[in-house]
Amino acid sequence: GSGSLLRYDTPSTLNDDDRDELWYIASFAWSHRLNRHFIFWIQANANLNHLVYIFSSRSADNTWNRVLRLAPRLAYSPSAEFTSTNTFEVLANYTVYDFDSPSSGIRSFAFRQFSFTDSSGFDLTRRLRLEWFSGIKLYEQGELRWADFSERPLTSFEDQTYVGTIRYLFGRSLLFSAGIRYFSQRRYLFRGQERSLDHYLRSIGPVTGIVWNVGDHTEFSTKGWFENQAQTGSAGRSFANMTMSLMVHM
């Protein structure tokens, strides 16, 4: 845990950006091996920030920001060839204005998120490996009334990502991978408590990559992917992408 105070004060009378920032940060982590196949972790974080402007011309921007996160994780390895790691995460972000009022155009807001990821791998041979990643993310944003801790939901999203790849090691220095990636997002709007679909996005296409260890201290990698994209209100589109990087370890 830690706490800090930043005071941003300048002698100029023309500057109304003078402010104080108070930070509280706390983290907790714990792990336990349940048996020779299962390992369990849990991590919790709290990040609290109070921003206070000194001059009245900016005091409407005074806020408390509270971010809370809980993330348990379970790793499963029944054999040396197969591993799977599953992570659940719950996150809440509350931003509250000190002078929030119904007559003000500024509203405090809340952001909540739940996510699940599964990362698994299976070694078919010493050189050939199958990998799988899946991720589901649900998040929602709304206006917040901190005094009675109530919320009026505004938007919500549902994201899904799935990636399957096969990797092959040529010798000791060249790694090749190829697979397919799928992503979809649904955006919903709230009218009162009723939720309706507002926008849909879907992307699917192949992915590939090459990693070459040129020497003991140099690594070159290139990644490419092609996606067919479809979304609400637009014609289907296709994109080709490629990235390259060179890393030198001294």
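In this predicted model, Arg-195 forms a salt bridge with Glu-158, and the closest N and O atoms are 3.5 Å apart. The pair links distant parts of the chain. Arg-195 sits in strand β10 and Glu-158 in strand β8, 37 residues apart. Both partners fall in the middle class of accessibility, as their individual values show. Arg-195 is partly exposed, with a relative accessible area of 43%. Glu-158 counts as partly exposed at 22% relative accessibility.

Asp-198 pairs with Arg-187, with 2.6 Å between the closest N and O atoms. Here the link runs from Asp-198 in strand β10 to Arg-187 in strand β9, 11 residues apart. Asp-198 has a relative accessibility of 33% and counts as partly exposed. Arg-187 is partly exposed too, with a relative accessible area of 31%. Elsewhere, salt bridges that share partners join Asp-17, Arg-19, Glu-21, Arg-58 and Asp-61 into one network.

In total, the structure holds 12 salt bridges. Another of them joins Glu-131 and Arg-167, whose closest N and O atoms are 2.8 Å apart. Glu-131 lies in strand β7 and Arg-167 in strand β8, so the pair ties together parts that are 36 residues apart in sequence. Glu-131 is partly exposed, with a relative accessible area of 26%. Arg-167 also counts as partly exposed, at 26% relative accessibility.

Several strands contribute to the lining. At least two residues each come from β6 (109–123), β7 (128–145), β8, β9, β10 and β11. By residue class, the lining of the largest pocket divides into 9 nonpolar, 11 polar and 5 charged residues.

A search of the whole structure finds 1 cavity of 30 Å³ or more. The largest cavity contains about 50 Å³ of space. Its lining is made up of Arg-181, Ser-203, Ile-204, Gly-205, Pro-206, Val-207, Trp-225, Phe-226 and Glu-227. Two or more of these residues come from each of β10 and β11. The most is given by β10, with 5 residues. The lining of the largest cavity comprises 5 nonpolar, 2 polar and 2 charged residues.

One of the residues lining this cavity is Gly-205. Gly-205 lies in strand β10. Its relative accessibility is 7%, so Gly-205 counts as buried, a class that requires a value under 20%. Gly-205 is 71 residues from Ser-134 in sequence. In space, the C-alpha atoms of Gly-205 and Ser-134 are 15 Å apart.

The surface carries a nonpolar patch. Tyr-168, Phe-170, Leu-174, Phe-176, Ile-210, Trp-212 and Val-214 form this patch, with about 590 Å² of accessible area together. The elements that give two or more residues to the nonpolar patch are β8 (150–170), β9 (174–191) and β10 (194–213). Val-214 is found in a loop, between β10 and β11 (218–231). Val-214 is partly exposed, with a relative accessible area of 44%.

A last site lies towards the start of the chain numbering. Asp-18 is placed in the loop between β1 (2–8) and β2 (19–33). At 4% relative accessibility, Asp-18 counts as buried. Asp-18 and Tyr-8 are 10 residues apart along the chain. Their C-alpha atoms are separated by 5.3 Å.

Note on methods. Residues numbered from 1 in each chain as written. Predicted model: local features only at pLDDT ≥ 70, side-chain atom pairs only at ≥ 80, totals over all residues. Heavy atoms only, no water. Patch = residues over 30% accessible without salt bridge, like charges linked within 9 Å, V, L, I, M, F, W, Y side chains within 5 Å. Areas by Shrake-Rupley, 256 points an atom, 1.4 Å probe, with all protein chains shown as cover. Salt bridge = Lys/Arg side-chain N within 4 Å of Asp/Glu carboxyl O. Helix = DSSP H or I, 4+ residues; strand = E, 2+ residues; numbered from the N terminus. Buried < 20%, exposed > 50% of the residue type's maximum accessible area, 1.4 Å probe, protein only. 1 Å grid on protein atoms, 1.4 Å probe; cavity = no way out; pocket = protein on both sides within 12 Å on 5 of 7 lines; lining within 4 Å. Points joined across faces, edges and corners; volume = space filled by probe spheres on them. Nonpolar A, V, L, I, M, F, W, Y, C, P; charged D, E, K, R; others polar.
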